[in-house]
Amino acid sequence: ALERYSLLNPDDARGRLELARAYFYAGDDRRAREEFETVRSLDPLAEVRAGIQRYLDALRAREAQYLPRLTAYIEAGAGYDSNVNAGVSQADIALPVLGRVTVADAGVEQGDGFGVLAGGVQYNHPVAPGVALFVGASGTGNFYFSESQFNLAQLAFNAGGSYRHDIDTFALTYAYGQILLDNDSYRNTNGAALEWRRQVGPTTTFSLTPQYARIDYSGDNDVRDADFYAVGAGIRHGWLTAWQPVLNASIYGGKERDVRDRPDLGRDLYGGAVDVTVSPSPFWALNAGLAYLRSNYDGAIPLIDVTPRDDNSVASLGAMYLFARNWSARLEYQYQRNNSNLELYEYTRNLVMVKLRYEFK
């Protein structure tokens, strides 16, 4: 019906825009791109141009299944962290067996402002129908204004391949990660994950991901070296309504097995996360999320003979404003609370950041 209408009314931009959207949701990428480009060439309103750009970006992501695709971004910003060292709120605490103790200054919460720099690149190369190889790298650095001993840098590399058949996609990924604390190596991980994704509806995807990683710490922290096993399941669903809400939800469970004969440092863990993103306009996106992690440690801590049990909860809010094709600004807030059966491990944390991002498209 939309095709017939556009043939009879070729100058009706709204009709051609609805036709482009119909092609997009029907999976006809070539015709969708043609119609979106035609409407954009008519110099529509700024909000319409921004909406068209979102569809074109989504088309580029889908076209990566059969066309080479290179994406990259750089990001810079600043923020404030109320507890950079995840310390206790006050120095005077009570511990089993030991009674009242005084925590050293380094273990008491310290707030500080920081600058952040980040960037990443990802390349996807199809090699056969439904088969693609990919490789990518990313890095993030937090640089504190006063407490520079907590400067944190994270580096990551990934490579792998994917296979798509009908509504199912399988992806095998090797991942390497490294954390630097105050410019010194703190921890590195080597691992692999196998992801299965199924398109269970036009806007609904289910995924299942088992994974393994070896975690190695540097220096005196090597007593924390561990093998990590986990499996996660997730669902993503979008609604084709006003504000275009998108829901992501996941659950997971895993085992971090200490390999240095320190059961108090190994743990069973499980948790879940949920977040919702809405777009009040083509320029704005708003996000809210909740996450929960339960850690049941394998053994008692020496001296106090207590096995830790931790509950970590995170609530987050975010807003993104797209003010140009490649530029966006983000405001993020996060509240974190760690409850434990040991007062030494209880803390709260408030984090706020504003960031400017440029995406190479």
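A residue counts as buried when its relative accessible area is under 20%. Thr204 has 12% relative accessibility, so Thr204 counts as buried. This is a predicted model.

**Thr204**
- Thr204 lies in strand β9, which spans residues 204-217.
- The side chain of Thr204 makes a polar contact of 2.4 Å with the side chain of His237.
- Neighbours within four places in sequence aside, Thr204 is in contact with Arg198, Gln199, Ile235, Arg236 and His237.
- Asn248 is 44 residues from Thr204 in sequence. In space, the two are 9.9 Å apart, C-alpha to C-alpha.

**Asn151**
- Asn151 sits in the loop between β5 (131-144) and β6 (152-165).
- The relative accessible area of Asn151 is 17%, so Asn151 is buried.
- The side chain of Asn151 reaches the backbone nitrogen of Tyr144 at 2.8 Å.
- Not counting residues up to four places away in sequence, Asn151 touches Asn142, Phe143, Tyr144, Leu180, Leu181 and Asp182.

**Helix α2 with helix α3**
- Two packed helices are described by the angle between their axes and the distance between the axes.
- Helix α3 covers residues 29-40. The axes of α2 and α3 cross at roughly 155 degrees and come within 8 Å.
- Angles over 145 degrees count as roughly antiparallel, so α2 is roughly antiparallel to α3.
- α2 and α3 cross in a left-handed way.
- From α2, the contact uses Ala13, Arg16, Leu17, Leu19, Ala20, Arg21, Tyr23 and Phe24. From α3, it uses Arg31, Ala32, Glu35, Phe36, Thr38 and Val39.
- By class, the residues of this contact are 9 nonpolar, 1 polar and 4 charged.

**Helix α2 with helix α4**
- Helix α2 spans residues 13-26, and helix α4 spans residues 46-63.
- α2 and α4 pack at an angle of about 25 degrees, with their axes 12 Å apart.
- Angles under 35 degrees count as roughly parallel, so α2 is roughly parallel to α4.
- The crossing of α2 and α4 is left-handed.
- α2 brings Leu17, Arg21, Phe24 and Tyr25 to the contact. α4 brings Val48, Ile52, Tyr55, Ala58, Leu59 and Arg62.
- The residues of the contact of α2 with α4 divide into 8 nonpolar, no polar and 2 charged.

Notes:
Residues numbered from 1 in each chain as written. Predicted model: local features only at pLDDT ≥ 70, side-chain atom pairs only at ≥ 80, totals over all residues. Heavy atoms only, no water. Axes fitted to C-alpha atoms, helices over the stretch in contact; angles between N-to-C directions. Helix = DSSP H or I, 4+ residues; strand = E, 2+ residues; numbered from the N terminus. Parallel < 35°, antiparallel > 145°, perpendicular 65-115°, else oblique. Left-handed = near helix turned anticlockwise from the far one by under 90°. Contact = heavy atoms within 4.5 Å. Nonpolar A, V, L, I, M, F, W, Y, C, P; charged D, E, K, R; others polar. Buried < 20%, exposed > 50% of the residue type's maximum accessible area, 1.4 Å probe, protein only. Polar contact = N/O pair within 3.5 Å; in protein donor to acceptor, adjacent residues only side chain to side chain.
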